[in-house]
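Morning, everyone. I have one structure to walk through today.

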Amino acid sequence: MLPSSIQISGEPLSGAEVRDICRGLRDNAVRLLSLRGCRLCDRDFGRICRALAGATSLAQLNLNLGVVSSPSRIKQLAEALRTNRSIQSLFLHGSPLTDAGLALLNPALALHPALVALDLGDCMLGDEAINLICGLLPPDGAKSGRETLRDRAQWKHSDPGRGGVSLKELTLSANPGITPKGWSRLAIAVAHSSQVRVLNLDYNPLGDHVAGMLAVAVASSRTLEVLDLEGTGLTNQSAQTLLDMVENYPTALRSLVLAENSISPELQQQICDLLSEGEEEEEVAGGAVDTQEWGRGREPAAHQRGGSSWMCPSDPSSQMVLMTSGLGDSLLAETEM
């Protein structure tokens with residue numbers, strides 16, 4: 001039987017439902033498990049973690065909106081991730097992790113062999129967490145891992161061929177505790193990463209200074225294709241820097257989200273036109289970044305508010321800038337389950 005999906009949202013889980021979930025995981029009959037906003041006791045959460053540890057078919061795990069709600073649950077999830085080898089996408093958006101909680105998860109994340117998408121939006125993170133996240137974006141030719149020597153020795157003993165994580169999609173939306181110093185470290189890591197393709201930083205108070213550093217990172221990156229800067233406090237100053245970057249430096253960038261910023265429509269249109277022209281000139285084969293598999297469980301920061309959207313007309317595979325007059329219908333928000 002082909003693996004199936006279990007998707008439950010905002011409901012209390014009964015003991016029978018938890019047993020069914022655990023049975024499906026143990027039988028390798030579940031490819032996608034989404035318990036977004038579900039309520040369950042600590043004992044049942046532990047049972048699910050023990051079951052997913054050995055699951056070999058599970059590719060996507062969505063625990064958004066407070067399911068991982070305590071240090072004990074963070075530890076249980078970390079233990080499961082240390083053993084699991086199949087999860088490709090992990091969504092923890094809206095979990096009160098804090099820097100201390102991410103420190104508990106980090107060794108397991110850094111050594112996971114399959115993980116490519118990680119959503120840590122609205123997780124109350126700060127600069128210490130950014131230092132750990134930068135370790136998940138290794139530069140060219142390097143393996144990820146800020147794991148301790150003890151962690152490395154344990155993994156080498158248990159599985160000598162097991163490598164480190166190679167994140168391709170990273171979401172850090174709505175983490176206002178991160179300072180410009182933290183964002184500068186992330187920009188450096190992105191500039192030198194040989195893997196990351198999608199970076200979602202929406203609804204952080206970045207401002208023009210951080211946007212300038214990110215423009216340099218985009219110009220340096222050979223892989224970054226999607227950058228979401230919706231609602232990040234940008235002005236025409238940032239837009240001019242981004243325009244200069246797009247105009248003068250060949251990049252892999254296809255999608256730049258600038259909604260809900262104080263940027264003139266004229267500058268946005270110029271950026272949009274340049275991205276579209278670059279796509280036509282390069283005649284890149286294939287479509288736009290495939291976030292359907294990695295990012296399907298991403299929790300859009302805009303989900304609480306409505307609005308209309310506009311994006312420059314082009315083929316779906318073309319480069320684009322997304323501009324909206326509201327917060328509801330962004331390109332990347334369509335991936336919400």
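Predicted model: local features only at pLDDT ≥ 70, side-chain atom pairs only at ≥ 80, totals over all residues.

Now back up into α1 itself. The helix runs over residues 15-26. It has 12 residues and reaches 16 Å from first C-alpha to last, close to the 16 Å expected at 1.5 Å a residue. Which residues of α1 are buried? Val18, Ile21, Cys22, Gly24 and Leu25. They cover an arc of only 160 degrees around the axis, which puts them on the same side of α1. As a reminder, an α-helix has 3.6 residues a turn, so residues three or four places apart point the same way. What do the buried residues of α1 pack against? Strands β1 (4-7) and β2 (30-34), plus helix α2.

Helix α2 covers residues 42-53. The axes of α1 and α2 are 8 Å apart, and the packing angle is about 10 degrees. The cut-off for roughly parallel is under 35 degrees. The two helices are therefore roughly parallel to each other. On the α1 side, the contact involves Gly15, Val18, Arg19, Ile21, Cys22, Leu25 and Arg26. On the α2 side, the partners are Asp44, Arg47, Ile48, Ala51 and Leu52.

Buried or exposed? Cys22 is buried, with a relative accessible area of 2%. Leaving out residues up to four places away in sequence, Cys22 touches Arg47, Ile48 and Ala51. Cys22 and Arg47 are 25 residues apart in sequence, yet their C-alpha atoms are 7.1 Å apart in space.

There is another cysteine to look at, Cys272. It sits in helix α10, residues 265-282. Its relative accessible area is 0%, so Cys272 is buried. Pair Cys272 with Leu256: 16 residues apart in sequence, 8.4 Å apart C-alpha to C-alpha.

Helix α5 spans residues 127-134, and α7 spans 180-192. Their axes come within 9 Å and cross at roughly 5 degrees. So α5 and α7 are also roughly parallel to each other. From α5, the contact uses Asp127, Ile130, Asn131, Ile133 and Cys134. From α7, it uses Lys181, Gly182, Trp183, Arg185, Leu186 and Ala189. The buried residues of α5 are Ala129, Ile130, Leu132, Ile133 and Cys134. They pack against α4 (98-110), β6 and α7.

On to helix α8, residues 207-220. At 1.5 Å a residue, its 14 residues should span 20 Å, and the end C-alpha atoms are 20 Å apart, which agrees. Buried here are Gly207, Asp208, Val210, Ala211, Leu214, Ala215, Ala217 and Val218.

Two backbone points for anyone checking torsions. Leu65 is not a glycine, but its phi is positive, about 65 degrees. Leu65 is in the loop between β3 (60-62) and α3 (71-83). It is partly exposed, with a relative accessible area of 34%. Ala174 also has a positive phi, near 55 degrees. It is in the loop between β6 (169-171) and α7. Buried means under 20%. At 18% relative accessibility, Ala174 therefore counts as buried.

Last, the whole chain. It has 11 helices and 11 strands. Of its 337 residues, 56% are buried. Take the contacts with a separation of 6 or more: 84% of them join residues 24 or more positions apart. The accessible surface comes to about 14,300 Å², and carbon and sulfur atoms own 51% of it.

That's the tour. Over to you.

Terms used. Residues numbered from 1 in each chain as written. Heavy atoms only, no water. Helix = DSSP H or I, 4+ residues; strand = E, 2+ residues; numbered from the N terminus. Buried < 20%, exposed > 50% of the residue type's maximum accessible area, 1.4 Å probe, protein only. Contact = heavy atoms within 4.5 Å. Areas by Shrake-Rupley, 256 points an atom, 1.4 Å probe, with all protein chains shown as cover. Expected span 1.5 Å × (residues − 1). Axes fitted to C-alpha atoms, helices over the stretch in contact; angles between N-to-C directions. Parallel < 35°, antiparallel > 145°, perpendicular 65-115°, else oblique. Arc of directions from axis to C-beta.
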